[in-house]
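Trainee: I would like to go through this structure step by step. Can we take one topic at a time?

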Amino acid sequence: MSDVLPLRMIIYQLLFIVLAIAVEALVLQKYLGIGRKSSIQYASTANLLSTVVGWFVFFISVPWMPAPLRQQIITYIFFDETNNPPLLVGLAFLMFLGTFIIKLQSLNWLDLILEGKPVVVSEVRDRSKFQGRKAQRQPFADVPNRALAVLWANAASFTVISIFIFIRTFSEQPVLF
Amino acid sequence: MLWMNEVFKQIRDRVKPPQWASWQTLLFLSIFSVIVAALTTSPQPQIAQRIISSFGWVFLILSVWWFVYEKPVKEKLTVYDLFLGPWIVGALVCVYLFGTIENNVPSQTAFISWPPISSIIWASPKFVKSDPSTKSPVYANPTKPKRQDIILVLLANLVISCWFQFYFQTQDWLTTNQGLRAEDFSRSSFVWQPQRYDRATVLSRGADILNLAAQNVRTELEGKPWGQVERWLTQLDQQVPRLRQQVRNELPRSPETDLWTLNAQVTSAAYDLQLQALSSRPNSRREGYELTRTCRITQVGRPGAAPEFRFNEQAPPATAPNRQQIVATVQCGAIDPVRRIEPSRS
């Protein structure tokens with residue numbers, strides 16, 4: 001019936017999602033000081049949601065694309081050719097920003113759904129009491145800052161995936177299956 | 001007569017559901033509806049028939065739903081802690097909802113909505129709790145780990161829907177760009193071709209194009225006066241698109257044909273017309289092929305029409321010189337061996 005199946009995309013996407021979940025769970029566990037199970041839950045929810053949102057953005061934007069851009073995307077998908085590297089870098093940067101925002105937001109939503117109320121990270125100190133010099137000196141980094149943790153996690157997973165893509169691009173022949 | 005009763009009894013025992021509230025009852029209702037729908041004849045919009053047959057579908061779906069949740073069946077259908085029943089029911093629901101509407105059963109909508117619908121079916125028992133006093137089902141919020149599971153399963157199924165949609169997107173691109181279909185996707189990190197890219201058919205198609213082009217050139221120039229031929233050759237850049245169009249019209253349309261572009265150029269002053277079929281694109285990392293065939297166009301003298309002497313006329317016969325008319329002749333050589341165009345790395 002058909003002669004082209006997107007099987008390689010499915011395998012790569014599975015691989016990337018699993019990699020990203022593993023890496024991000026580690027980073028979140030370390031930065032937020034939460035258990036292994038909940039860090040994996042956070043990471044998997046965030047990654048699956050950002051994948052879905054990414055696909056939606058892609059499918060919605062394809063009909064609106066100007067023809068040359070669509071042609072470039074088709075060449076990239078079918079022949080793995082990039083004739084516009086600046087565009088690719090720009091897109092990768094936008095993807096990084098977008099996934100960061102979605103992942104951060106998804107953690108809030110997940111807390112809202114699981115706990116029934118948004119969890120307020122205790123960043124705001126109770127300033128009514130006098131806390132002395134110790135509290136004022138407390139470095140900012142000691143506070144478990146969720147946005148920073150998600151940013152680090154996102155950066156780590158993007159780095160790992162980029163390394164994978166680089167290895168694949170610069171090894172001559174792709175895996176033939 | 002007694003054995004007839006026995007047979008009926010056996011059939012009834014076989015067919016009779018163990019309880020009235022069981023999946024078999026629903027299945028029989030479904031079969032009954034289908035039979036009634038088949039017997040019903042209604043005028044063209046067939047509203048009555050459609051209503052009855054959709055009752056058949058609904059009963060079938062409910063019966064299958066009930067069946068897969070039966071204890072032994074559920075155990076059989078559970079692979080690695082994942083219960084596959086909802087996806088079977090979901091497939092039926094999608095075929096009913098989108099297959100009957102769009103008339104071709106595995107439609108795009110049906111495929112795309114199959115995973116989310118199945119995951120909703122999977123999640124639905126988790127919202128139901130049996131009331132301890134009245135034993136009737138009531139709505140309940142699922143517990144915290146169940147909520148997490150529902151979110152993950154729903155998201156994962158949405159990703160699978162996106163894969164289906166991506167498949168349909170690539171098919172769409174392949175139908176709009178016919179030339180793509182015959183190309184070599186072995187480098188792609190997205191798609192996979194079950195049938196390998198066939199170099200031989202692509203090359204033979206290129207040879208067909210060259211042969212047809214040479215034949216067309218010969219029919220156009222052979223035996224034409226030399227001046228006309230020279231004019232043809234100087235306007236080559238106008239002739240080539242026309243030649244391309246002719247070749248395209250004469251060959252059967254196939255994706256392999258669309259890969260090739262036909263060019264022509266005059267390579268020497270003695271009019272060697274080189275026809276070139278090229279299957280590569282500029283700035284491409286793919287390798288391409290070049291096929292060439294040279295046609296030599298030379299002038300030959302053809303004796304003009306023999307002068308007619310009309311002896312019955314008074315005037316003396318014209319003594320016009322027997323002028324030789326110079327015409328062209330076209331000789332095409334064989335196709336040169338195929339030249340590979342190395343991928344240009346930029």
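Trainee: Which elements make up chain A, from the N terminus on?

Mentor: Keep in mind that this is a predicted model. Chain A has 6 helices and 0 strands. From the N terminus on, its elements therefore run α-α-α-α-α-α.

Trainee: What share of the residues of chain A count as buried?

Mentor: A residue counts as buried when its relative accessible area is under 20%. Chain A has 177 residues. The share of them that falls in this class is 36%.

Trainee: How much area is buried between chain B and chain A?

Mentor: The size of an interface is often given as the accessible area lost when the parts come together. Here 40 residues of chain B are in contact with 45 residues of chain A. In chain B, B:Trp163, B:Trp173 and B:Trp192 lose the most area to chain A, together 17% of what that side buries. Carbon and sulfur atoms give 65% of the area buried between the two chains, which is about 4500 Å².

Trainee: How many residue pairs are in polar contact between chain B and chain A?

Mentor: Salt bridges between the two chains come to 0. On the side of chain B that touches chain A, there are 18 nonpolar, 13 polar and 9 charged residues. With both residues at pLDDT 80 or more, the count of pairs in polar contact is 8.

Trainee: Is B:Ser33 buried or exposed?

Mentor: B:Ser33 sits in helix α2 (residues 23-39) of chain B. Leaving out residues up to four places away in sequence, B:Ser33 touches B:Ile52, B:Phe55, B:Gly56 and B:Phe59. Its relative accessibility is 7%, so B:Ser33 counts as buried.

Trainee: Which helices of chain A hold A:Asp111 and A:Arg146?

Mentor: The side chains of A:Asp111 and A:Arg146 also meet in a salt bridge, and both residues are buried. The pair ties together parts 35 residues apart in sequence, because A:Asp111 lies in helix α4 and A:Arg146 in helix α6.

Technical notes:
Residues numbered from 1 in each chain as written. Chains lettered and ligands numbered in written order. Predicted model: local features only at pLDDT ≥ 70, side-chain atom pairs only at ≥ 80, totals over all residues. Heavy atoms only, no water. Helix = DSSP H or I, 4+ residues; strand = E, 2+ residues; numbered from the N terminus. Buried < 20%, exposed > 50% of the residue type's maximum accessible area, 1.4 Å probe, protein only. Contact = heavy atoms within 4.5 Å. Buried area = accessible area lost by both parts, 1.4 Å probe. Salt bridge = Lys/Arg side-chain N within 4 Å of Asp/Glu carboxyl O. Polar contact = N/O pair within 3.5 Å; in protein donor to acceptor, adjacent residues only side chain to side chain. Nonpolar A, V, L, I, M, F, W, Y, C, P; charged D, E, K, R; others polar.
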